[in-house]
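Dear colleague,

I am handing over the structure we spoke about, with the sequence alongside it. Below it you will find my notes, arranged by region so that you can follow them with the model open.

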Amino acid sequence: MTSIYTQRRARLAAQLSAGGIAIVPTAPQYGRNRDSEYLYRHDSYFYYLTGFTEPDAWLVLSAEGESTLFCQPKDLEREIWDGYRLGPEAAVAALDVNAAHSVAELDARLPRLLENRSQVWFPFATHAGLAARVEGWMDQVRARVRYGALCPAQQGDLCQLLDEMRLIKDAHELAIMRRAGAISARAHVRAMQRSSRMLRAGEDVREYHLDAELLHAFREEGSQYPAYSSIVASGANACVLHYRADTAPVRAGELVLIDAGCELDGYASDITRTFPADGRFTGPQRALYDLVLESQKAAIAAIRPGRRFNDPHDAAVAVLAQGMLDLGLLDKGKVGGVQDVIDKRAYFQFYMHRTSHWMGMDVHDCGSYVEPGEVGRVSERKDPLSGELIKDRPSRILRPGMVLTVEPGIYVRPAPGVPGQFHGIGIRIEDDAVVTDGGCELMTRGVPVEGDEIEALMRA
């Protein structure tokens with residue numbers, strides 16, 4: 001496993017300018033309240049290059065490929081309380097780095113490592129106080145210029161290099177993400193079945209019951225924790241995009257929207273399903289559900305090498321716009337035809353988010369959404385809703401190994417002119433897609449998505 005991280009460091013080192021050096025810290029440990037800390041989660045950039053999950057660690061990498069790790073020293077007393085530490089002596093072999101030191105020596109050693117370097121790279125705007133700390137180390141280098149020391153004259157944002165590397169997933173990463181997707185899919189199945197089972201038994205069902213089922217399923221199959229705070233929204237709560245599972249009742253005749261995914265070995269999954277709490281859609285619910293599903297199918301068909309990142313969103317919007325007109329959510333006499341709905345963004349009343357985002361170590365993963373070689377191609381337009389001037393640049397060309405979500409939705413809040421039968425219905429359907437040579441692979445279809453299949457599953 002170490003070789004993967006060694007190879008990544010070598011690839012990054014080759015991109016550093018001659019004489020360059022990179023500094024990458026991991027995430028700090030945060031206190032929650034007295035004598036209690038939040039569950040620790042490493043920094044994604046640091047983990048991508050080291051595979052190391054302990055807090056209070058730093059990686060320094062030179063353009064020549066020399067890697068130095070700073071980590072917590074062995075400490076028997078602290079290990080009794082806080083757990084085993086790898087320690088610098090074992091780190092060299094375990095992590096395949098050239099040198100390792102106690103993190104207590106960081107401030108003493110960093111100035112010497114920066115000395116006579118042409119450029120220093122570090123992640124911009126990701127760690128509070130990091131830029132000031134780097135400047136402090138360079139001040140110590142500047143103090144030695146009378147002795148012939150040279151201080152780095154340039155600073156570079158390491159995120160720009162690492163984002164491009166992380167955007168294309170390798171076979172190791174995709175294998176983990178497929179497993180994470182499978183675990184999450186099974187968790188959704190369990191939550192859906194628990195909802196209908198409890199309602200059939202006449203039991204009081206709350207959103208937190210279904211949230212508990214998700215958490216149980218994640219941990220039971222080895223996931224370390226959720227990739228993000230799970231959304232379990234019953235009834236009209238589904239119209240709140242980032243709703244959190246709470247105490248609201250889950251009622252027969254209403255829909256439940258669950259947006260949840262586990263994190264496995266540092267990689268996220270992200271699934272949304274919307275289902276009838278008691279296992280059977282009403283007519284209006286099914287009409288909207290089928291519309292969202294058709295929009296997702298159109299978006300999936302647009303994911304293939306050579307297409308653009310925006311293409312799935314445009315395909316989904318076209319289907320949703322037509323459906324909103326057909327179902328009477330939008331009045332043709334007021335908004336016009338499908339192209340008018342799209343041009344004026346009239347659909348925004350019911351669909352206000354994008355269809356996709358990158359996914360990987362972070363559920364909203366890093367990576368530019370603009371094609372790097374076409375950044376200079378800019379067109380301007382005025383947003384029809386806000387009046388804001390928007391600068392459009394060509395969106396990213398999809399390539400094999402990129403992973404993105406596909407998550408169209410529709411959210412109907414009560415409003416004048418909106419048919420009452422649809423009020424309070426919120427629907428989103430989301431899967432995780434990896435771009436392949438011939439199209440895309442959905443990694444999360446272990447949980448049904450067709451309306452009839454969902455009903456059959458919940459009757460089981």
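In which helix is the place of Q285? Please bear in mind, before the answer, that this is a predicted model. Q285 lies in helix α10, which covers residues 283-301. Leaving aside residues up to four places away in sequence, Q285 touches G253, E254, L255, R280, I425 and I427.

The open sheet comes next. Its six strands follow the order β6-β5-β4-β1-β7-β8, and the pairing among them is mixed. At the edges stand β6 (99-102) and β8 (154-157), each of which has a single partner strand, so one side of each is left without a neighbour in the sheet. From one strand to the next the twist averages 20°. Within this sheet, strand β4 (residues 58-62) pairs with strand β5 (residues 67-71) in the antiparallel sense over four bridges, and L61 has S67 of β5 as its bridge partner. Helix α4, made of residues 88-95, packs on the sheet and touches β5 and β6, while the direction of α4 makes about 150° with that of β6.

A hairpin is formed elsewhere by strands β15 and β16, with six residues between the strands. Strand β15 (residues 379-382) and strand β16 (residues 389-392) run antiparallel and are joined by four bridges; in β16, D392 is the bridge partner of S379.

Two packed helices are described by the angle between their axes and the distance between the axes. For helix α8 (residues 171-200) and helix α14 (residues 451-459), the angle is about 60° and the axes are 8 Å apart, which makes α8 oblique to α14. The crossing of these two helices, α8 and α14, is right-handed. On the α8 side the contact is made by V189, M192, Q193, S196 and R200, and on the α14 side by I454, L457, M458 and R459. Sorted by class, the contact of α8 with α14 has five nonpolar, two polar and two charged residues.

With kind regards

Definitions and conventions. Residues are numbered from 1 along each chain as its sequence is written. This is a predicted model: local features need pLDDT of at least 70, side-chain atom pairs count only at pLDDT 80 or more; totals for chains, interfaces and linings use all residues. Side-chain values use heavy atoms; hydrogens and water are left out. Axes are lines fitted to C-alpha atoms, for helices over the stretch in contact, and angles run from 0 to 180 degrees between N-to-C directions. Angles under 35 degrees count as roughly parallel, over 145 as roughly antiparallel, 65 to 115 as roughly perpendicular and the rest as oblique. A crossing is left-handed if the near helix is turned anticlockwise from the far one by less than a right angle, and right-handed if clockwise. Contact means heavy atoms within 4.5 Å. Ala, Val, Leu, Ile, Met, Phe, Trp, Tyr, Cys and Pro count as nonpolar, Asp, Glu, Lys and Arg as charged, and the others, Gly among them, as polar. Two strands pair if DSSP finds at least two bridges between them.
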